[in-house]
Amino acid sequence: WLKRHFGAVAPNLPRHLSTPHTSGLHMMALLRRAATLALRRGARASSTAVVSSSAESMSQKAWRWLDITGFLTKWHSRRAWILDLDPPSRAASMMMTEYERRLLLWLTWMNFFFMP
């Protein structure tokens, strides 16, 4: 590969990069290693913190029922608020501060309550 693209093999390259027939084996070993690590760790390393309704306390259940519209979730979680926006607004929200975000949520609800 190097001879074809660069004319000659550089003498200071590692051996597995200088020979073209071993690069495929090297890539397969890397893919196999990545697959075994992914299986060991699980599909994703993030948590959504889901609690079943039977394991909820009474206060958790009350807050869940109060959050019918998702306003409380969006108030406390920037990620939930961004996921509720359309794609151009998501890109623009990167430049918005936390104060502006909460002010926008507050003004939206105040506008909703004061409409006749």
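D67 lies in the loop between α4 (58–66) and α5 (71–76). Helices here are DSSP runs of H or I with at least four residues, numbered from the N terminus. The model is predicted: local features need pLDDT of at least 70, side-chain atom pairs count only at pLDDT 80 or more, and totals for chains, interfaces and linings use all residues. Residues are numbered from 1 along each chain as its sequence is written, and side-chain values use heavy atoms, leaving out hydrogens and water.

- D67 is buried, yet it has no salt bridge. Buried means under 20% relative accessible area, exposed means over 50%, and partly exposed lies in between (1.4 Å probe, protein chains only).
- A salt bridge is a side-chain nitrogen of Lys or Arg within 4 Å of a carboxyl oxygen of Asp or Glu.
- The nearest side chain of opposite charge to D67 is K74, 7.7 Å away. Lys and Arg count as positive, Asp and Glu as negative; His and the chain ends are not counted.
- The D67 side chain reaches the backbone nitrogen of F71 at 3.2 Å.
- D67 also touches L72 and T73, leaving aside residues up to four places away in sequence. Contact means heavy atoms within 4.5 Å.

**The K74–D84 salt bridge**

- The structure holds 5 salt bridges. One of them joins the side chains of K74 and D84, at 3.1 Å from N to O.
- This pair links distant parts of the chain, 10 residues apart. K74 sits in helix α5, while D84 sits in the loop between α6 (78–83) and α7 (87–92).
- K74 counts as buried, at 19% relative accessibility.
- D84 is exposed, with a relative accessible area of 52%.

**Salt bridges of E98**

- E98 forms a salt bridge with R101, and their closest N and O atoms are 2.5 Å apart.
- E98 and R101 are separated by about one helical turn, because they are 3 residues apart in helix α8 (residues 98–114).
- E98 also forms a salt bridge with R102, where the closest N and O atoms are 3.5 Å apart.
- E98 and R102 are 4 residues apart in helix α8, so about one helical turn separates them.
- E98 counts as partly exposed, at 34% relative accessibility.
- R101 is buried, with a relative accessible area of 0%.
- R102 counts as partly exposed, at 29% relative accessibility.
- A network of salt bridges links R78, E98, R101 and R102.

Note on methods
Helices (H or I, at least four residues) and strands (E, at least two) are DSSP runs, numbered from the N terminus. A polar contact is a pair of N or O atoms within 3.5 Å; within protein, one must be able to donate a hydrogen and the other to accept it, and residues adjacent in sequence count only if both atoms are side-chain atoms.
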